[in-house]
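Please look over the sequence and the model, then read on.

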Amino acid sequence: MTATAPSPAPGEGTARPRAATFGTVTAALAVPLLIVAGAATSLHTQEIESDWAERQRKACRALPFPMAEYAAGWAGALLGVAAVAVCVLLARRLRRRYGLRLGESWPGLLAGTTVWFSVLAIPMELIQLYVVHAAAASGINLGDGC
């Protein structure tokens, strides 16, 4: 009679793939970068608008509304939503491929904690987008000097 070693339990003895691959780290680092880029781009619309108003006052006539302000307003809102989308996709990848929740790996923890800043950033970006469209509709008061 020969003694055989008991077979290992499922999941025991098998190497689990690493969750900190280049793709997951890149996605995790993209979340905070997208949030900051969205907020900065959205706030840049104020600078564009004040430059436009100043140029109009100097020229003493109405100038066309800058399309760069529309682009910056929409880009800010889209970057904020993209940060949330990347975090959701990262969570799905970690769950399906590695069997981990978002907080069980450092890339997931980074993305999961920083995505909550979008709770503050996305409403601000949407307000800035509204301000862009309101400013385009109202024009600028050139004042009495013209």
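Which residues of α3 are buried? They are Pro 107, Gly 108, Ala 111, Gly 112 and Thr 114, where buried means under 20% relative accessible area, exposed over 50%, and partly exposed in between (1.4 Å probe, protein chains only). This is a predicted model, in which local features need pLDDT of at least 70 and side-chain atom pairs count only at pLDDT 80 or more, while totals for chains, interfaces and linings use all residues. Residues are numbered from 1 along each chain as its sequence is written, and side-chain values use heavy atoms, with hydrogens and water left out.

**Overall layout**

- The chain has 4 helices and 0 strands; helices (H or I, at least four residues) and strands (E, at least two) are DSSP runs, numbered from the N terminus.
- Read from the N terminus, the order of elements is α-α-α-α.
- Of the 146 residues in the chain, 32% are buried.
- Among contacts with a separation of 6 or more, 82% join residues 24 or more positions apart; a contact means heavy atoms within 4.5 Å.

**Nonpolar cores**

- A nonpolar core is a set of buried Ala, Val, Leu, Ile, Met, Phe, Trp, Tyr and Cys residues joined through side-chain atoms within 4.5 Å.
- The largest such core has 14 residues, and those with the most contacts inside it are Val 31, Ile 35, Cys 87, Leu 90 and Ala 111.
- Helices α1 (22–59) and α2 (67–98) each supply at least two residues of this core.
- A second, separate core has 5 residues, including Trp 52, Leu 63, Val 132 and Ala 135.
- Not counting residues up to four places away in sequence, Ile 35 touches Ala 83, Thr 114, Val 115, Phe 117, Ser 118, Ala 121 and Glu 125.

**Helix α3 and Thr 114**

- The buried residues of α3 pack against α1, α2 and α4 (118–138).
- Thr 114 belongs to helix α3, which covers residues 106–114.
- Thr 114 counts as buried because its relative accessibility is 13%.
- A polar atom of the Thr 114 side chain lies 2.8 Å from the backbone oxygen of Leu 110.
- With neighbours within four places in sequence left aside, Thr 114 is in contact with Val 31, Pro 32 and Ile 35.

- Ile 48 lies in helix α1 and counts as buried because its relative accessibility is 14%.
- Ile 48 touches Pro 66, Ala 68, Glu 69 and Ala 72, not counting residues up to four places away in sequence.
- The C-alpha atoms of Ile 48 and Ala 72 are separated by 9.0 Å, and the two residues are 24 residues apart along the chain.
- Met 67, in helix α2, counts as exposed because its relative accessibility is 59%.
- The C-alpha atoms of Ala 71 and Thr 45 are 8.9 Å apart, for residues 26 residues apart along the chain.

**A buried charge and a loop residue**

- Glu 69 is in helix α2.
- Glu 69 is buried yet has no salt bridge, and the nearest side chain of opposite charge, Arg 55, is 8.2 Å away.
- A salt bridge is a side-chain nitrogen of Lys or Arg within 4 Å of a carboxyl oxygen of Asp or Glu; Lys and Arg count as positive and Asp and Glu as negative, with His and the chain ends not counted.
- Beyond its neighbours within four places in sequence, Glu 69 is in contact with Thr 45, Ile 48, Glu 49 and Val 132.
- Cys 60 sits in the loop between α1 and α2, and its phi is near 60 degrees, a positive value in a residue other than glycine.
- Cys 60 is partly exposed because its relative accessible area is 33%.

**Record annotation**

- An unreviewed UniProt entry lists residues 20–40 and 71–91 as "transmembrane region"; UniProt positions are given in the numbering used here, feature names are shortened, and annotations may be inferred rather than shown by experiment.
- In the model, residues 20–40 are 90% helix and 0% strand, with end C-alpha atoms 29 Å apart.
- Residues 71–91 are 100% helix and 0% strand, and the end C-alpha atoms of this span lie 30 Å apart.

Conventions: A polar contact is a pair of N or O atoms within 3.5 Å; within protein, one must be able to donate a hydrogen and the other to accept it, and residues adjacent in sequence count only if both atoms are side-chain atoms.
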